[in-house]
Structure formats: C-alpha cells, structure tokens
Amino acid sequence: MAKIIDGKEIAKKLRSAVSEQAAILKEQSVIPGLAVILVGDDPASEIYVRNKERAANKVGVHAVTFKYPSTTTEKEILDKVAELNADDTIDAILVQSPVPSQINEQKVQEAIIPSKDVDGFHPENVGRLYANQAGYYPIANTPRGIMTMLQHEKIDLLNKHAVVIGRSILVGRPMFALLQAANASVTLLHRYTPAALRRELLATADVVVVATGVPDLVMGADLKPGAVVIDVGINRLPNNKLVGDVNFGTAEKVAGAITPVPGGVGPMTIATLLQTTVELAAEHHQIELEQGWQNI
C-alpha cells in the first residue's frame, strides 16, 4: 500500500515557518500585507477568500478583502489594482477567480505589478519561471506547494520521468517548468492526448501530477508500480463526496506514495500563498529572511 502524503501536516509545518518569518519582519516594523479582490457572489470563492483571511491572520499577515458586486466594470477593478500597486502597505495582490464575464481576467492579472503578483500569473513572472532565471520571483502557489511536498517527502527528481496531466496556467504549465528545473524529464498531457498514449506514458512515469477536474481519469492499472502520485483535482460527486482526478482506491494499491483528496494538495496552496506573501514583503522592504521553510 502507498504511503499517504499528508498535505495537512506539511502545510501546518509550512505555516509555522511562515509565522516565524513574519515575526522577523514585524521586528523591523513590517506587517506583510495581502489584498484580495473578490467580484461577484460565487459561494465557493467567498468561502475560499474567508479561509485565506483566517489563515493569514494566524501567521501574522494582514489580509484585506475588497468585495465588489457582479455588475462592477472592468475599469473599476483596474483602478483598484492601480491603487493597490501604489499602496506601500500592500505587498501582495490577488484577484479571486472567477470574475464576471464583463471583466477580462487576463487584463486584470497583467495590471498587477510583477513584484506584487502573489499568484505568479503575470507574464513576466511566468516567463522568468520558464527561463529558469536566477533570483526571486513569485511562482504559482499550487505547483510550488507540490514541490515543497516532494521535498518534504525526500523524493529525488533527478533522472526521473514525470507526467503532468493538465496544462492550465494555474497548475499544469508551471508544474512542468518546476519539474524540469528539478532535473526530471517531463511529459505534459492534456485533454487532446489520446487515451491510449496517456496510458502508455503513465506506465513509465515515476511521478504523476494530475490536475484536470475529471474524476477517476487515472486508475491504479494505469500506474507504474511505486510511482509518486500527486492528485490536484477536487470534484464533488452527486452523492456529495469529494474525490480527486485519481481513483484513490485502486491507485493506493500500486503507487509508492499518493496524496489524498481532500487533505493533500489543497492545504498546501493556501500555506504557500502565505509563504509567497511574506517573501514579497521582504523583497519589497529589502529585508533578508532566513528562508526557514527550506527545512520543513
């Protein structure tokens, strides 16, 4: 049976380390500031933002949410982003997705200055990631959190074959770049990859990351024995049960290590968001941190 990678426990350790780093900043009169822009009344988004605020306050990050009705114009949001870009008390800006159709989400993301782009979605930050540039820049939080999990579990990626299923800018594409930078040989699959080819490639994969929103896309029979399986998907079935993109029951019997759903990748995303916020605050105010989370 596979080892269960406990995302809740790793996230707890990461939040503790982030709290220590935030305390160092506070000693120098800097409180990391996170601004969240929420447009509309999507219930899931409201819950997610509320959880972010609660988690931020616990680690010493000042989180403030700017909530707008679903009728808000794109110009109003762009004006708010410009205001936050210029606000010295704000180190990180996040626009909660989805936004109403009258707002071009890409245009809003590009309006956030790269040094406050806590989600790592700005083209400049994405480009630096793909170029594997030296220096600090924010990286999409879910893939970065996955890399932290792999590091915590002491999973060596050198010379390994990694298969990533899903090519979104939120997970798949940055995951591909991060795994490559860690010296894995990476294959990126997507919805147009033929099922037979997907199964053929999965059978050779040492590490599998799945982020598609398709329940049971990957079964245990698809996996190489001993593979590390990271399931990013979270899907609610008609019976209200939450499941991932990987069939956990069958995969657990084949994999060497696997993340559960829930309790796997999810907790790491918020913890990594807080980590990035504190790092951006340190960069903004030119304070050197000890990077204590490297050893969680």
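Biologist: A cavity here is a set of points on a 1 Å grid where a 1.4 Å probe fits but cannot get out. How many cavities of 30 Å³ or more does the structure hold?

Modeller: The structure, which is a predicted model, holds one cavity of 30 Å³ or more. The space in the largest cavity comes to about 30 Å³.

Biologist: Which residues line the largest cavity?

Modeller: Its lining is made up of G120, V126, L129, A140, I169 and P174. By class, that lining has five nonpolar residues, one polar and no charged.

Biologist: And the pockets? What volume does the largest pocket have?

Modeller: The largest pocket has a volume of about 1,400 Å³. Its lining counts 44 residues, and those nearest the centre are Y48, T142, L170, V171 and T269.

Biologist: Which helix gives the most to the lining of the largest pocket?

Modeller: Helix 10 does, with six residues. Elements that each supply at least two residues to the lining include helix 2, strand 4, helix 4 (105–111), helix 6 and strand 9 (235–236).

Biologist: How do the residues of that lining divide by class?

Modeller: The lining of the largest pocket has 22 nonpolar, 15 polar and seven charged residues.

Biologist: Strand 4 came up there. In what order do the three strands of its sheet lie?

Modeller: The order is 3-2-4, in an open sheet with parallel pairing. Strand 3 (62–68) and strand 4 (92–95) are the edges, each with a single partner strand, so one side of each has no neighbour in the sheet. On average, neighbouring strands of this sheet are turned by 15 degrees against each other, direction ignored.

Biologist: How many bridges are there between strand 2 and strand 4?

Modeller: Four bridges, in the parallel sense, with strand 2 covering residues 33–39. V36 has L94 in strand 4 as its bridge partner.

Biologist: Which strands does helix 2 touch?

Modeller: Helix 2 (residues 43–59) packs on the sheet and touches strand 2, strand 3 and strand 4. The direction of helix 2 makes about 160 degrees with that of strand 3. Helix 3 (residues 74–85) also lies across strand 2, strand 3 and strand 4, and runs at about 180 degrees to strand 2.

Biologist: Which residue is the bridge partner of V164 in strand 6?

Modeller: L188. Strand 5 and strand 6 run parallel and are joined by five bridges.

Biologist: Now the backbone. Most peptide bonds are trans. Which bond from S97 is cis?

Modeller: The peptide bond from S97 to P98, with omega near 5 degrees. P98 sits in the loop between strand 4 and helix 4. The bond from V261 to P262 is also cis, with omega near -5 degrees, and P262 is in the loop between strand 11 (257–258) and helix 10.

Biologist: And phi? Is that of K154 positive or negative?

Modeller: K154 is not a glycine, but its phi is positive, at about 55 degrees. Most residues other than glycine have a negative phi. The place of K154 is the loop between helix 6 and strand 5 (161–165).

Conventions:
Residues are numbered from 1 along each chain as its sequence is written. This is a predicted model: local features need pLDDT of at least 70, side-chain atom pairs count only at pLDDT 80 or more; totals for chains, interfaces and linings use all residues. Side-chain values use heavy atoms; hydrogens and water are left out. Two strands pair if DSSP finds at least two bridges between them. Axes are lines fitted to C-alpha atoms, for helices over the stretch in contact, and angles run from 0 to 180 degrees between N-to-C directions. Contact means heavy atoms within 4.5 Å. On a 1 Å grid over the protein atoms alone, a cavity is a set of points where a 1.4 Å probe fits but cannot get out, and a pocket is an open set with protein on both sides within 12 Å along at least five of seven lines; lining residues have an atom within 4 Å of a point. Grid points are joined across faces, edges and corners, and a volume is the space filled by probe spheres set on the points. Ala, Val, Leu, Ile, Met, Phe, Trp, Tyr, Cys and Pro count as nonpolar, Asp, Glu, Lys and Arg as charged, and the others, Gly among them, as polar.
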